[in-house]
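I opened my notebook to look up aromatic rings and the charges over them. My entries follow.

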Amino acid sequence: MFHDWDLTQEEFDRLLAWLHPEREEAAQKYEDIRRRVRKTMAARGCTAAMEIFDEAIYRIAHKLPDLLVDYEGDPALYFYGVANLIYLEYQRNQPDTEELPPSLPAPTIKNIEPEYECLDECLNTLEPKDKALLLQFYHEEKRAKIDERKGLAQEAGLTGNALRLRLFRLRQKLAICLEKCLKQK
Amino acid sequence: MRAMNLKSYLLGTLSEPERTAIDRGLLTNEDEFEQVLLAEDDLIEEYLRDKLSASERRHFEQCFLADPERQQKLQLARALHRYANDPSKSSSGSVTAATASTSDSWWAMWRRPVWQWAAACGLLVVTLFGIRAAFYSTAPDQIVHSSPSPTMTVAPTGTEDVTAELFPGQDRAMGTRSPRVKLSPNTRMVKLTLRLRKPSYPSYQVILQADDEEGQRLPGSFNPQTAPDGNYLTVPVPTKALGAGDYRVKLEGVTPNGAERAETYYFTVDR
């Protein structure tokens, strides 16, 4: 049911132009939509989220000249609508399967875990107080003593939600650094 | 979006209309998208800290991790747990500015061959001493139940079997070291004593899984035994099935409706 990716450059350019007149902005929006649609597919437990999104692009790009005349609204919702239909088709085409047994191994950690060395380097690029906050959050003993997140937030002079957000941003920063670092290794 | 709804959404257990509402929110609203991302982090923490029920855990592994971005988040969180609990990094978990800016870190030093040799020699001495001590202090086939510490107890028995006592939730990624089982060429069998944390099931099935490999289900089922300090399971594993490396043991409780995920244990085999 999935087509080979055979969009022409022209079709792809037209798709990007639909998302935003500036090419760079359009590319960013494309990535953003892809990420969000993938999450909606994951909420259905669908492991073919990437293939479904690619198929949605394929179909939308081919249909775009007609679409540009009729559709008004957020392109993200259009992508979502098409991805949803593809998901339903995909589901119908799946052979009857039993639910996976709970004993299946969880995804392997060992080979794909960020290298310890890179983590070391990247943590050192953070502000010392940020690094300390992050490590304190993950430190078992320390965290147990200070009553989980609430105590840690008080200690850092933050509300619970602000702490959540701060940690989230720090992890994001770290993830970007790690990706770069691992590419260089 | 309520936290509980988001959790169910991420685990793939929300009803269709509720799921669609969240879908639309995350697609079109920045704040709602961010709430979903934050909820992902919360859920990963619950998973790593073993706070999910058996059914939630299953949905987490089968549904939540369908998104590769979430797999990466999980890996990062695991790595941070390990790093933050690595005694060579910091004893208190908080890092001083001086430590943070040190480029020649303990980890870098650890990686130098001379330190690795020194550590290996040290480990060998400690292991030999430990085995010798255990040999003279433990009666054959006796299982040591005295302390629920993360270190395993090894007792070579008169029949050249090794007994290893494991406790649930000693996840390597949580920063604790895996209990180590040292096997000699003469060891015939490893008897795993798996301590049961919760009220136990009438019987269990056991899956042994080497890292990077699919698990193998051990034949038959195992009935829990009772000791003054709690229930446990004894699972004999022939040493020929164990190469050097990391292992996890998964228990499934047998119920009239099928098997339910119960506990997971980790250990490392040294040969």
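I looked for charges over rings and found Arg36(A) over the face of Phe33(B), at 4.0 Å from the ring centre. I counted a charge as over a ring if NZ of Lys or CZ of Arg is within 6 Å of the ring centre and within 35 degrees of the ring normal. Arg44(A) also lies over a ring face, that of Tyr87(A), at 5.9 Å from the ring centre.

I noted that this is a predicted model, where local features need pLDDT of at least 70, side-chain atom pairs count only at pLDDT 80 or more, and totals for chains, interfaces and linings use all residues. Residues are numbered from 1 along each chain as its sequence is written, chains are lettered from A and ligands numbered from 1 in the order in which they are written, and side-chain values use heavy atoms, with hydrogens and water left out.

Next I looked up ring pairs. Rings of Phe, Tyr and Trp (its six-membered ring) pair if their centres lie within 6.5 Å; planes under 30 degrees apart are stacked, over 60 edge-to-face, the rest tilted. I got 9 aromatic pairs over all chains.

Phe12(A) and Tyr30(A) pair edge-to-face, 5.7 Å centre to centre with 85° between the planes. Phe12(A) is in helix α1 (residues 9-19) of chain A and Tyr30(A) in helix α2 (residues 23-42) of chain A, 18 residues apart; helices are DSSP runs of H or I, at least four residues, numbered from the N terminus. Both Phe12(A) and Tyr30(A) are buried (under 20% relative accessible area, 1.4 Å probe, protein chains only).

Trp18(A) and Tyr78(A) are also an edge-to-face pair, at 6.1 Å and 85°.

Terms used: Helix = DSSP H or I, 4+ residues; strand = E, 2+ residues; numbered from the N terminus. Buried < 20%, exposed > 50% of the residue type's maximum accessible area, 1.4 Å probe, protein only.
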